[in-house]
Amino acid sequence: MRGFVVAAALLLPTIGVAQVQVNQVFNLQGPSPSIGPISVVQSGDIPGPPLQGSVTGAVQVVVTDPNDANRIYIGTPNGGVWATSDSGNTWKALTDKQATLSISSLDIDPTDTKRLIAGSGLTSSSCLLNYCFIQAGYVTSGGNQNGLLYSKDEGKTWASLGGGSGPHLSQSGPLSNQTVVGVAARGTTMLAATFQMSGFAQSRTEGGLYLSQDGGPFKLISGASGANQLPSGPVTSLVGVPGSPGTLYAAVTASSASTYAQTGVYVTTDTGATWTKVFSQSNSGLIQSSSQTVIKLATSPSGLATSPSGAVAIGLMNLESKTVTGLFWSNNAASGSWTSLGAPPQKP
């Protein structure tokens, strides 16, 4: 899943704009692999006897301070949020004392880059009793699903929003027990997109887009009545446009087997108050009514787009075949004009 998100993001700088190749050297940031018996480290990639496995800590999301290229934040599936202020030479853990270390999304508020927002959720692959449920589809695991973490001081202190509270987190909030796959903070407005890849079919059609204003509670805005609103259904991706804080794109998938064909991409230019559909089955021909499609989005750095609505790349994945079925891009995405890039080669 993460693979084609990265692929879509990397496509943008090379499409439609002449670029100067810059030779770069990538250095390993760690951590080093841990090796253990198959009963503990279940990858089983080291032949025996005895059979062993190796595992390296994963990174779920990377964001860079738009005002300071040396300052980078990462969100990890089981290690919380980390920061570097020297371009990755040294790192500091920011959330070790929070209720969850399972970070599924992360964003910087472009109106005040000291403000960070992180979503929690199930992001790890899961094997139970040394048997991976590949035939069941996607089974995920991770830490406590406890809504959002929000910081106003570059991660020095955090507030928990939208999740559980009270002793042992017994009081559930609207984002409790959901995977927050996308977050956005724009001043006093915050948005959280929820969706969970799972082998259990009901998890694939549960979720939506939640909005909080002026410090109020998070409310589900997917399926709200009235014109120019998002339909009911999980939001599989949420991205902002650099240089245009009020513009965001949301990818909505099916709320049930009967709504597979509704999958599409929507744009807001007023920070979530109203939405317009800009990508659908008619654009791609790849969104089916007989199977569920998941869309992931990526936006370009500022300056590449010919429109304030931004340059956007789209990756489509069919959940039944478990394949990336198409890639699209637009440098004026709000117009609904898209260019097909075909589908990447599939592994045999």
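Biologist: Why is Phe279 called buried?

Modeller: Phe279 has 0% relative accessibility, and buried means under 20% relative accessible area, with over 50% called exposed and the range in between partly exposed (1.4 Å probe, protein chains only); therefore Phe279 counts as buried. Phe328 is buried too. This is a predicted model, in which local features need pLDDT of at least 70 and side-chain atom pairs count only at pLDDT 80 or more, while totals for chains, interfaces and linings use all residues. Residues are numbered from 1 along each chain as its sequence is written, and side-chain values use heavy atoms, leaving out hydrogens and water.

Biologist: What makes the pair of Phe279 and Trp338 edge-to-face?

Modeller: Rings of Phe, Tyr and Trp (its six-membered ring) pair if their centres lie within 6.5 Å; planes under 30 degrees apart count as stacked, over 60 as edge-to-face and the rest as tilted. The centres of Phe279 and Trp338 are 5.3 Å apart and the planes stand at 80°, so this pair is edge-to-face.

Biologist: How do you know whether Trp338 is buried or exposed?

Modeller: Its relative accessible area is 13%, and the limit for buried is under 20%, so Trp338 is buried.

Biologist: Which residues do ring pairs link into a cluster?

Modeller: The cluster consists of Phe279, Phe328 and Trp338. Phe279 and Phe328 also pair edge-to-face, at 5.2 Å centre to centre and 65° between the planes.

Biologist: What does Ile314 touch?

Modeller: Counting contact as heavy atoms within 4.5 Å, and leaving aside residues up to four places away in sequence, Ile314 touches residues including Phe279, Phe328 and Trp338.
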